[in-house]
Each structure stands twice: as structure tokens, then as C-alpha cells.
Amino acid sequence: MIITTTPNIEGKRIIEYKGVVFGEVISGMDFVKDFAAGLTNFFGGRSGSYEQELIQARYSAMQEMEKHAAAMGANAVVGVDIDYEVLGQGGNMIMVTASGTAVVTD
């Protein structure tokens, strides 16, 4: 399945719009990741534990969006947007939402 942030796909013609599709993931940070990130914050540098959690959450949201598009009979998703939100007391959860328009191309 083609997934793109652009409103169309070069060389393809959109022949049917199936509707808007979403993929949402809410991921919690555990104590170990919080502790490791705190050390990184104190000493400087990148937080590998948070980065990996974010990468996995984004991947899962995209997979869920693709699954919903396929269930609608689409073979592509255009206009994809990915949003991030921090949730929970203390900001220890992250929500990643992927959205786009499910379409059928020729």
C-alpha cells in the first residue's frame, strides 16, 4: 500500500475516495525509561529510550491506519499527517495519531 503525505501520487490517478482513516497509539513511559531520560536530561545528549518509544508508537499508528484503509478497500492513503500529544499526570504518556485519506488508485 502506498502511504504518502502528498495529496496525490505521481503516475497514479485517484479513482475513488474511501474516507478518512486514523491510527492512534497511546504509549506509556515506565520508570526505567523515565530514569534513563532524566540522566540524559541532566548530563545532556539524546534520550535513546524515549526515541525508541516514539519510533515504535509512530510505526504502530501508521500500521493501524494502513489496516483501516485496507479494510475499506483502499490501496493507498494520501495526505497523511502525524500528530503527537503528551498525556497523563507528569506527562508520562505519549499519543501518536496518524490520519489520511484512504483512496483507490489505478
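Visitor: What makes Arg 13 count as exposed?

Guide: Its relative accessibility is 53%, and the label "exposed" needs a value over 50%. Arg 13 therefore counts as exposed. Keep in mind that we're looking at a predicted model.

Visitor: Arg 13 has a partner, Asp 106. How do you know that the two form a salt bridge?

Guide: Check the gap between the closest N and O atoms, which is 3.4 Å. The rule asks for a side-chain nitrogen of Lys or Arg within 4 Å of a carboxyl oxygen of Asp or Glu, so Arg 13 and Asp 106 qualify. Asp 106 lies in the segment after β4 and Arg 13 in the loop between β1 and β2, so this pair ties together parts that are 93 residues apart in sequence.

Visitor: Why is Asp 106 called partly exposed?

Guide: Asp 106 has a relative accessible area of 44%. Buried would need a value under 20% and exposed one over 50%, so Asp 106 falls in between.

Visitor: How many salt bridges turn up in the whole structure?

Guide: A search finds two. Besides Arg 13 with Asp 106, Glu 16 and Lys 18 meet through their side chains at 3.1 Å, N to O. That is within the 4 Å limit, so it's a salt bridge too. Glu 16 is partly exposed at 36%, and Lys 18 is partly exposed at 29%.

Visitor: Let's zoom out. What is the overall pattern along the chain?

Guide: The chain has two helices and four strands, and they follow one another as β-β-α-α-β-β. The four strands make an open sheet with mixed pairing, in the order β1-β3-β4-β2.

Visitor: What makes β1 and β2 edge strands?

Guide: β1 (2–3) and β2 (14–28) each have a single partner strand, so one side of each is left without a neighbour in the sheet.

Visitor: How do you know that β2 pairs with β4?

Guide: Count the bridges: β2 and β4 share 13 of them, in the antiparallel sense. Pairing needs at least two bridges, so this pair passes. One example is Tyr 17, whose bridge partner in β4 is Val 103.

Visitor: And what makes β3 and β4 a pair?

Guide: Strand β3 (residues 76–87) and strand β4 (residues 93–105) run antiparallel and are joined by 10 bridges; with at least two required, they count as paired. Val 77 stands opposite Ala 102 in β4, and Val 86 has Ile 94 as its bridge partner there. The hairpin has five residues between the strands, and Gly 88 takes a positive phi near 85°.

Visitor: Why is β4 described as mostly covered?

Guide: In β4, 10 of its 13 residues are buried, and buried means under 20% relative accessible area. For the whole chain of 106 residues, 29% count as buried.

Visitor: What makes Met 65 buried?

Guide: Met 65 has a relative accessible area of 0%. The cut-off is under 20%, so Met 65 is buried. Met 65 lies in helix α2. Setting aside neighbours within four places in sequence, its contacts include Ile 3, Phe 22, Val 80 and Gly 100.

Visitor: Which residues have the most contacts inside the largest nonpolar core?

Guide: That core has 13 residues, and the ones with the most contacts inside it are Val 21, Ala 61, Met 65, Ala 69, Val 77, Val 96 and Ala 102. The elements giving two or more residues to this core are β2, α2 (48–71), β3 and β4. A second, separate core has five residues, among them Ile 9, Ile 14, Ala 76 and Val 103.

Notes:
Residues are numbered from 1 along each chain as its sequence is written. This is a predicted model: local features need pLDDT of at least 70, side-chain atom pairs count only at pLDDT 80 or more; totals for chains, interfaces and linings use all residues. Side-chain values use heavy atoms; hydrogens and water are left out. A nonpolar core is a set of buried Ala, Val, Leu, Ile, Met, Phe, Trp, Tyr and Cys residues joined through side-chain atoms within 4.5 Å. Buried means under 20% relative accessible area, exposed over 50%, partly exposed in between (1.4 Å probe, protein chains only). Contact means heavy atoms within 4.5 Å.
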